Amino acid sequence: MTERSPATQPEMTPLEQAVAEKFAGMSNAQIIRRMEWSADFSTDDEEYELTRRTRLGGLAWKYSGDLYRPKVEIYKPEGGEDE
């Protein structure tokens with residue numbers, strides 16, 4: 001596996017571009033709020049966009065362990081790999 005510098009980003013596919021455009025006017029905090037308050041966890045696009053954004057910054061995200069009111073937690077992965 002080759003490493004890329006943060007400044008070098010791969011071209012996005014049409015689907016990736018469409019998702020990025022859908023959330024272009026939203027901050028990470030707004031995306032996270034939508035994910036946390038979704039009643040049925042139908043947040044695939046939000047999850048994909050948050051993953052893309054956090055990876056650009058060398059970070060990752062996960063849901064907390066709270067079954068009834070899960071929260072999104074942003075963290076720096078150990079060893080540079082997503083967990």
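E49, R52 and R53 are linked in a network of salt bridges, a salt bridge being a side-chain nitrogen of Lys or Arg within 4 Å of a carboxyl oxygen of Asp or Glu. The model is predicted: local features need pLDDT of at least 70, side-chain atom pairs count only at pLDDT 80 or more, and totals for chains, interfaces and linings use all residues. Residues are numbered from 1 along each chain as its sequence is written, and side-chain values use heavy atoms, with hydrogens and water left out.

An α-helix has 3.6 residues a turn, so residues three or four places apart point the same way. E49 is buried at 0% relative accessibility, and R53 is also buried, at 18%. Here buried means under 20% relative accessible area, exposed over 50%, and partly exposed in between (1.4 Å probe, protein chains only).

## Salt bridges between helices

The count of salt bridges comes to four. Side chains of opposite charge can pair when their charged atoms come close.

One of the salt bridges joins the side chains of D45 and K22, with an N to O distance of 2.8 Å. D45 belongs to helix α3 and K22 to helix α1 (residues 14-22), so this pair ties together parts that are 23 residues apart in sequence. D45 is partly exposed, with a relative accessible area of 30%, and K22 is partly exposed at 46%.

R34 and E46 form another salt bridge, again with 2.8 Å between the closest N and O atoms. This pair links distant parts of the chain, R34 being in helix α2 and E46 in helix α3, 12 residues apart. R34 is partly exposed at 39% relative accessible area, whereas E46 is buried at 6%.

## Buried side of α2

Helix α2 spans residues 28-37, and its residues I31, I32, M35 and E36 are buried. They cover an arc of only 135° around the axis, which puts them on the same side of α2. The arc is that of the directions from the helix axis to the C-beta atoms.

The buried residues of α2 pack against helix α3 (44-56) and against strands β1 (60-63) and β2 (72-75), where contact means heavy atoms within 4.5 Å.

Notes: Helices (H or I, at least four residues) and strands (E, at least two) are DSSP runs, numbered from the N terminus.
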